[in-house]
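Reader: I'm new to protein structures and would like to learn how to read one. Could we go through this one together?

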Amino acid sequence: MIEQFAEYLLHNRKFSTNTCLAYETDLRQFCEFVSIDYNQVTRDDVRAWLAQLSQEQLSSRSINRKLSSLKSYFKYLLRKQFISTDPTEAIQLAKVQRKLPAFVPQQEILSYFAQVATNLSFNELRDCLLMELLYLTGMRVSELCNLHDNDLDPYRKTIRVTGKRNKLRYIPLPVEMLRNIAAFQTNRNEEFELNEPEYLFLSKTGKRITRQEVYTIVKNVLTKITTISKKSPHVLRHSFATHMLNNGADLNVIKEILGHSNLSATEVYTHNTFEKLKQIYQNAHPRV
């Protein structure tokens, strides 16, 4: 049943492969805990599982994600009439205090790009371009890994990004960035002797770059240029949104570029901006 549900999410709901795997992992963990058929699960079983997750010191955010997986699964079973009652119906998600997204200070990231050397190896050129594209567009790491050469449109000066549930969006790119990508493509094709590469970014073996490789590249670069604790591709996404907002961009524009389905997901960045305003006020006002 879990496999059928995962296939439903992938093909009917158009969820990404990674999201489907996360749902499947959560559900299999629950099955191992209860050790009974889905039609025998009770509300107490669900609560006992959540209690154990809490004892294992999982964060409220992680527990809520697992409960959301379970709720979706039992709604699916109920809709398919495999069960008559939903044991998760009356169980509410825990309230989670929303953390402000971590971001790289604007001057630190700009200094990095300004100091990049010109005589770079293929891997160094790829890593620098990868960093720049993540920061310029705010795209997710999975979206970057799945970029193809034909997603670039040098005439419209845009890049096509395939987001969650295969939703397409077009992000503008500056002319200089398009030139850098074109130079990289020439270098890449010579490096791997390719005529028509399937993906824009390749690993050392000539295959599509993986999420883990991108994480390693970004972490290594950010370790050299900033002291913030979190160092991941998503930090560059947060940095893009925060810096755009700080420099006067409209929130709805940022929402469209990031590929958020609703504005509430984007509004978290206004808190970062407000924190900056408070700091400036406290540092500048003579009465503070």
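Predicted model: local features only at pLDDT ≥ 70, side-chain atom pairs only at ≥ 80, totals over all residues.

Reader: How many bridges join strand 2 to strand 3?

Author: Let's look at both pairings of strand 2. Strand 1 and strand 2 (residues 158-162) pair over 2 bridges, with Asp-153 partnered by Thr-158 and Leu-152 standing opposite Ile-159, in the antiparallel sense. On the other side, Arg-160 stands opposite Tyr-170, and Thr-162 is opposite Leu-168. The number of bridges between strand 2 and strand 3 is 5.

Reader: Which residue in the turn between strand 2 and strand 3 has a positive phi?

Author: These two strands form a hairpin, and 5 residues lie between them. In that turn, a positive phi of about 55 degrees belongs to Arg-165.

Reader: Which residues make up the covered face of strand 3?

Author: In a regular strand the side chains alternate between the two faces of the sheet. In strand 3, the uncovered face holds Leu-168, Tyr-170 and Pro-172. The covered face is made up of Arg-169 and Ile-171.

Reader: Leaving aside its neighbours within four places in sequence, which residues is Leu-130 in contact with?

Author: Leu-130 is one of the residues with the most contacts inside the largest core. Once the neighbours within four places in sequence are left aside, the residues in contact with Leu-130 are Leu-144, Phe-201, Ile-209, Val-214, Ile-217 and Val-218.

Reader: How many residues are in the second, separate core?

Author: Leu-9, Val-41, Leu-67 and Ile-83 are among the members of this second core. Its size is 24 residues.

Reader: And the empty spaces? Which helix gives the most to the lining of the second largest pocket?

Author: Rolling a probe the size of a water molecule over the atoms shows where empty space is left. The second largest pocket has a volume of about 510 Å³. Of its 19 lining residues, the closest to its centre are Tyr-112, Glu-124, Asp-127, Val-221 and Lys-224. Two elements give two or more residues to this lining, helix 6 (122-137) and helix 9 (211-225), and the most, 7 residues, comes from helix 9.

Reader: How many charged residues are in the lining of the largest cavity?

Author: The largest cavity holds about 50 Å³ of space. Its lining includes Phe-30, Val-34, Asp-37, Leu-70 and Phe-74, and helix 2 and helix 4 (60-79) each give two or more residues. By class, this lining has 9 nonpolar residues and no polar ones, and the number of charged residues is 1.

Reader: Which strand gives the most to the lining of the second largest cavity?

Author: This cavity has a volume of about 30 Å³. Its lining consists of Glu-143, Asn-146, Leu-147, Asp-151, Arg-160, Val-161 and Thr-162, which divide into 2 nonpolar, 2 polar and 3 charged residues. The most, 3 residues, comes from strand 2.

Reader: Last one: is Ser-35 buried or exposed?

Author: Ser-35 has a positive phi of about 55 degrees although it is not a glycine, and is found in the loop between helix 2 (17-34) and helix 3 (43-55). Its relative accessible area is 59%, and exposed means over 50%. Ser-35 is therefore exposed.

Reader: What is the relative accessible area of Lys-157?

Author: Lys-157 lies in the loop between strand 1 and strand 2. Its phi is positive, about 60 degrees, although Lys-157 is not a glycine. Lys-157 is partly exposed, with a relative accessible area of 37%.

Methods:
Residues numbered from 1 in each chain as written. Heavy atoms only, no water. 1 Å grid on protein atoms, 1.4 Å probe; cavity = no way out; pocket = protein on both sides within 12 Å on 5 of 7 lines; lining within 4 Å. Points joined across faces, edges and corners; volume = space filled by probe spheres on them. Helix = DSSP H or I, 4+ residues; strand = E, 2+ residues; numbered from the N terminus. Pairing = 2+ DSSP bridges. Core = buried A, V, L, I, M, F, W, Y, C linked by side-chain atoms within 4.5 Å. Buried < 20%, exposed > 50% of the residue type's maximum accessible area, 1.4 Å probe, protein only. Contact = heavy atoms within 4.5 Å. Nonpolar A, V, L, I, M, F, W, Y, C, P; charged D, E, K, R; others polar.
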